[in-house]
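Me: I'd like to learn how to read a few features of a model. Can we go through them one by one?

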Amino acid sequence: MRIAMPFVLRNIACSSLVLLLNLSLAHAEEKMPARELRAKLAKPVSLERGIPADTSLKDALALLTKQSGVTFWIDQKAFREDLSIDVIEEQLVGFPKSSSVRLDVVLQLILRQYNGAHRVHDGYIEITTLQQLGILPDESGSEPSWLPLVNMTFDKRPLHDALKELANATGFNLLLDEAHAGDKAKTPVSATFDYVQLGTAVRLLADQADLKAVLLENVLYVTTVAKADALQTDQEHRVRLRMQISKLADAGPDARRARNIDPAFRVNPDPRGPITVPATPGSEKGSSQPKSRE
């Protein structure tokens, strides 16, 4: 017994030291600044086997923790109250095989399967709902917006580099009018975006460089303020004209005859196609074809 006691005490002392070391490491991780966690989120992770579709959210997050070293905390109450999901960590998620995708992109695509989102705090990343971030689903209840949401941080990055990074991360069309922007395209911009609509993010960054972004169909175009305003005015004019033409097309043959418009007139169904203006008798000498303007 006299021989065994020192050995037991020694084991207890070692176990206590290991426990204290683990607690210290955990405490250090809890105190990791949010900016460092954001830097980890911006780094690519390797998912060569992907995340099988029968993987629970809890196991998927554990895999991402192993890959990156970040700590996740799930706000179960938010999922229960906002989405009526009782046990969100047991919900199944999946992700395709990938060798180099940013951690924040992987996380966003996984959580999006349940209208979830993430929020960065000092020491951990909170898993919550879009509603908790002030983002409400659209009328379909599936997506907050048809424009992608971004989670990015820029610290004195040249505008053209920041826009390129946004385009690469979202896959959306971003075009910078470098010919007219000139040196403003090199203006250092800074911002932190957590689930911010891409259009808003681009406009805020462009504003820091005294430029302006305008959405033209499925392209965000960054140019000078004057040029952006002119493009916006032209686009609004085209929309109003198309609505007027659509009303004429829907008015029926009798109403069109009353306005001296060809009863067989039909509006171009493609909203991106040319705007067709219905011809009235005598509007064009020698031609009864409707005019077309782009």
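Reply: The model is predicted. Trp-73 has a relative accessible area of 44%. Buried means under 20% and exposed over 50%, so Trp-73 is partly exposed.

Me: How many aromatic pairs does a search of the whole structure find?

Reply: The search gives 2 aromatic pairs.

Me: How do I describe such a pair?

Reply: Two aromatic rings are described by the distance of their centres and the angle of their planes. Take Trp-73 and Tyr-124: the centres are 6.4 Å apart, with 80 degrees between the planes. Planes over 60 degrees apart count as edge-to-face, so this pair is edge-to-face.

Me: Where do Trp-73 and Tyr-124 lie?

Reply: Trp-73 is in strand β3 (residues 72–74). Tyr-124 sits in the loop between β6 (116–120) and β7 (125–129). The two are 51 residues apart in sequence, so the pair ties together separate parts.

Me: Is Tyr-124 buried, partly exposed or exposed?

Reply: Tyr-124 is partly exposed, at a relative accessible area of 28%.

Me: Which residues form the other aromatic pair?

Reply: Phe-154 and Phe-193 form an edge-to-face pair, 6.5 Å centre to centre and 65 degrees between the planes. This pair also links distant parts of the chain. Phe-154 belongs to strand β8 (residues 149–158) and Phe-193 to strand β10 (residues 188–197). They are 39 residues apart.

Me: Are Phe-154 and Phe-193 buried or exposed?

Reply: Both Phe-154 and Phe-193 are buried.

Me: Now a charged residue. Where is Glu-126, and is Glu-126 buried or exposed?

Reply: Glu-126 is in strand β7. Its relative accessibility is 6%, so Glu-126 counts as buried.

Me: What does the side chain of Glu-126 join in a polar contact?

Reply: The side chain of His-121, at 2.7 Å. Leaving out residues up to four places away in sequence, Glu-126 touches Trp-73, Asp-75, Ala-117, His-118, Arg-119 and His-121. Trp-73 is also a member of the aromatic pair with Tyr-124.

Me: Last, helix packing. At what angle do α6 and α8 cross?

Reply: Look at the distance and angle of the axes. For α6 (residues 159–170) and α8 (residues 198–208), the axes come within 10 Å and cross at roughly 170 degrees. Angles over 145 degrees count as roughly antiparallel, so α6 and α8 are roughly antiparallel to each other.

Me: Which residues of α6 and α8 meet?

Reply: From α6 come Leu-159, Ala-162, Leu-163, Leu-166 and Thr-170. They meet Leu-198, Val-202, Leu-205 and Ala-206 of α8. By class, the contact has 8 nonpolar residues, 1 polar and no charged ones.

How values were computed:
Residues are numbered from 1 along each chain as its sequence is written. This is a predicted model: local features need pLDDT of at least 70, side-chain atom pairs count only at pLDDT 80 or more; totals for chains, interfaces and linings use all residues. Side-chain values use heavy atoms; hydrogens and water are left out. Axes are lines fitted to C-alpha atoms, for helices over the stretch in contact, and angles run from 0 to 180 degrees between N-to-C directions. Helices (H or I, at least four residues) and strands (E, at least two) are DSSP runs, numbered from the N terminus. Angles under 35 degrees count as roughly parallel, over 145 as roughly antiparallel, 65 to 115 as roughly perpendicular and the rest as oblique. Contact means heavy atoms within 4.5 Å. Ala, Val, Leu, Ile, Met, Phe, Trp, Tyr, Cys and Pro count as nonpolar, Asp, Glu, Lys and Arg as charged, and the others, Gly among them, as polar. Rings of Phe, Tyr and Trp (its six-membered ring) pair if their centres lie within 6.5 Å; planes under 30 degrees apart count as stacked, over 60 as edge-to-face and the rest as tilted. Buried means under 20% relative accessible area, exposed over 50%, partly exposed in between (1.4 Å probe, protein chains only). A polar contact is a pair of N or O atoms within 3.5 Å; within protein, one must be able to donate a hydrogen and the other to accept it, and residues adjacent in sequence count only if both atoms are side-chain atoms.
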